[in-house]
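Subject: The structure to look at

Hi,

Here is the structure I promised to hand over. Have a look at it first, then read my notes below.

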Amino acid sequence: GCGDLTFGIFAGGVQGDERPVIISGCEFTNCRYAVGSEPMPGTTLSSLGGLNISGCTFTGCGYAAILYSDDAAFCGNVVFGGRLNVMHGGQSVTGNSFAEGSRVKFYDAPALFSRNSISADSRLDADENAPVIDVSGNYWGGGAPSASQLGNAAGKVEGADDYYTSPSMKRYSLTIIYDNGTPPYVYEDIFEIGDR
């Protein structure tokens with residue numbers, strides 16, 4: 001907590017210590033900030049070394065996490081009513097469930113934002129200086145994302161027409177190579193195993 005009880009875990013990084021911080025399988029309840037990762041004074045973003053948060057549950061937290069590390073990963077987590085800040089372009093946010101009014105705010109377009117389940121009462125948000133964000137391959141409740149789910153990020157997203165109709169769907173790519181010298185044909189789609 002770094003002496004501040006509002007934090008469940010604070011990963012600040014130390015200059016010259018490039019080891020990643022891994023937080024896995026934890027439960028955070030009613031923290032103001034469950035995981036903070038802002039650089040400490042005198043350090044740089046690269047000194048954070050990396051932050052990997054996976055398999056955690058966040059319930060009633062003001063912020064599930066603020067991702068400052070350039071290559072932070074927020075994967076396979078469940079967020080009930082909390083906020084997530086995506087700060088840099090090398091970050092990945094995949095396979096999470098955002099429910100009960102959760103919010104994901106983008107300050108930069110992450111390297112990967114896919115396979116997330118965003119409930120009807122949860123939403124995206126984007127800083128006014130954020131670039132276009134690719135939201136394809138997420139589950140929005142069975143159809144395309146609603147205006148309320150896209151929140152104020154609506155004008156900064158692409159791929160809203162490429163969505164999962166079931167939470168268990170995944171993206172597969174099939175390459176067909178011909179014997180007759182014809183260039184390979186690549187077919188890519190999202191579907192459930194056994195669906196096609």
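V86 sits in strand 10, which covers residues 83–86. Strands here are DSSP runs of E with at least two residues, helices are runs of H or I with at least four residues, and both are numbered from the N terminus. V86 is buried, as its relative accessible area is 0%. The labels work like this: buried is under 20% relative accessible area, exposed is over 50%, and partly exposed is in between, with a 1.4 Å probe and protein chains only. Leaving out residues up to four places away in sequence, V86 touches Q91, V93, V104, K105, F106, Y107, D108 and P110. A contact means heavy atoms within 4.5 Å. V86 and L67 are 19 residues apart in sequence, yet 5.5 Å apart in space, C-alpha to C-alpha.

Before you go further, note that this is a predicted model, where local features need pLDDT of at least 70 and side-chain atom pairs count only at pLDDT 80 or more, while totals for chains, interfaces and linings use all residues. Residues are numbered from 1 along each chain as its sequence is written, and side-chain values use heavy atoms, with hydrogens and water left out.

Now the whole chain. It has 1 helix and 22 strands. Of its 196 residues, 41% count as buried. If you take the contacts with a separation of 6 or more, 38% of them are between residues 24 or more positions apart. The chain exposes about 9,800 Å², and carbon and sulfur atoms supply 51% of that. Those areas come from the Shrake-Rupley method with a 1.4 Å probe, and for residues only the protein chains shown count as cover.

Next, the cysteines. How many disulfides are there? The count is 0, going by pairs of cysteine sulfur atoms within 2.5 Å. C26 is in no disulfide, and its nearest cysteine sulfur, in C56, is 4.6 Å away. C26 is partly exposed, at 26% relative accessibility, whereas C56 is buried at 1%. C56 lies in the loop between strand 5 (51–54) and strand 6 (57–59). Among the residues that C56 touches, not counting those up to four places away in sequence, are I23, C26, F28 and V78. C56 and E27 are 29 residues apart in sequence and 5.7 Å apart in space, C-alpha to C-alpha.

T94 is in strand 11 (residues 92–94), and it is buried at 8% relative accessible area. Its contacts beyond four places in sequence include F74, L112 and S114.

Of the 13 residues lining it, the closest to its centre are L112, F113, S114, D134 and S136. Strand 14 (112–114) and strand 17 (133–134) each supply at least two lining residues, and strand 14 gives the most, with 3. The lining divides into 8 nonpolar, 3 polar and 2 charged residues. Here Ala, Val, Leu, Ile, Met, Phe, Trp, Tyr, Cys and Pro are nonpolar, Asp, Glu, Lys and Arg are charged, and the others, Gly among them, are polar. A pocket is an open set of points on a 1 Å grid over the protein atoms alone, where a 1.4 Å probe fits, with protein on both sides within 12 Å along at least five of seven lines; lining residues have an atom within 4 Å of a point.

Cheers
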